[in-house]
Each structure stands twice: as structure tokens, then as C-alpha cells.
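Work through the exercises below with the sequence and the model in view. Each task is followed by its solution in steps.

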Amino acid sequence: MIETLYILLAYAIIGNMIAYDFTPLQPAKDKFIEFFNRRSTSLLFSLFDGVLNCSKCASFWITLIGRGSILDAAVAGMLGYLVNFMYDKIKLWYEE
């Protein structure tokens, strides 16, 4: 049980890193999204943009693909939200 929670938390942290915090990835991610948005204005690519810029969404989809369980993905999405919330509070605390 604890191993599962650890793995889901790891997926949530990876999802948050993809969405916001892993600085070396952000310019490449932005160019990738811009490339596809210029070529197509379809709903699929606008949804893809949302997934890559949302910690809950990225955590959910990475876990769903990686583990194949919608329940695990739901928990990881919630953990991704909590991880992002904690990071935001820590940044605010350091800025004060």
C-alpha cells in the first residue's frame, strides 16, 4: 500500500515538473505546443496544450498511461494539485 502511494506521489511530482517546475523542459515544451498550434487549430491540440500546462492533468494522464488504472490516475491528479499548491505556498513564503 505505501509503495503504491509513493509511486503515485512520484507520478504527481513528475506531472508538476512537466507542467511548471522543470525549467530546462519549459522552452522545448512551449516550442512544441506553439509548433502544433500554428499548424492546426483543432480542439485536440488546444486540449494537449491544457494537459501540458496543468499539474493535475499532466499527473493524471502520465499515471493513466504508466499504470493503466483510472483510480490510480485520479489519486495522482489530486496529489499533483496538492504538490503544486505546496510549491506555490513555499514560493510565496520565500517572497515575503
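Buried means under 20% relative accessible area, exposed over 50%, and partly exposed in between (1.4 Å probe, protein chains only). The model is predicted, so local features need pLDDT of at least 70 and side-chain atom pairs count only at pLDDT 80 or more, while totals for chains, interfaces and linings use all residues. Residues are numbered from 1 along each chain as its sequence is written, and side-chain values use heavy atoms, with hydrogens and water left out.

**Exercise 1.** Describe how helix 4 and helix 5 pack. Helices (H or I, at least four residues) are DSSP runs, as are strands (E, at least two), numbered from the N terminus.

Solution. 
- Step 1: The angle between helix 4 and helix 5 is about 150°, and their axes are 7 Å apart. Axes are lines fitted to C-alpha atoms, for helices over the stretch in contact, and angles run from 0 to 180 degrees between N-to-C directions.
- Step 2: Helix 4 and helix 5 are therefore roughly antiparallel. Angles under 35 degrees count as roughly parallel, over 145 as roughly antiparallel, 65 to 115 as roughly perpendicular and the rest as oblique.
- Step 3: Residues making the contact (heavy atoms within 4.5 Å) include Ser-55 and Arg-67 of helix 4 and Asp-72 and Asn-84 of helix 5.

**Exercise 2.** Describe how helix 1 packs with helix 4.

Solution. 
- Step 1: Helix 1 covers residues 2–21 and helix 4 covers residues 55–67; they pack at about 130°, with axes 8 Å apart.
- Step 2: That angle makes helix 1 oblique to helix 4.
- Step 3: Among the residues that meet are Asn-16 and Tyr-20 in helix 1 and Ser-55 and Arg-67 in helix 4.

**Exercise 3.** Locate Asn-84 and name its contacts.

Solution. 
- Step 1: Asn-84 lies in helix 5, residues 70–95.
- Step 2: With a relative accessible area of 14%, Asn-84 is buried.
- Step 3: Leaving aside neighbours within four places in sequence, Asn-84 is in contact with Asn-16, Tyr-20 and Ser-55.
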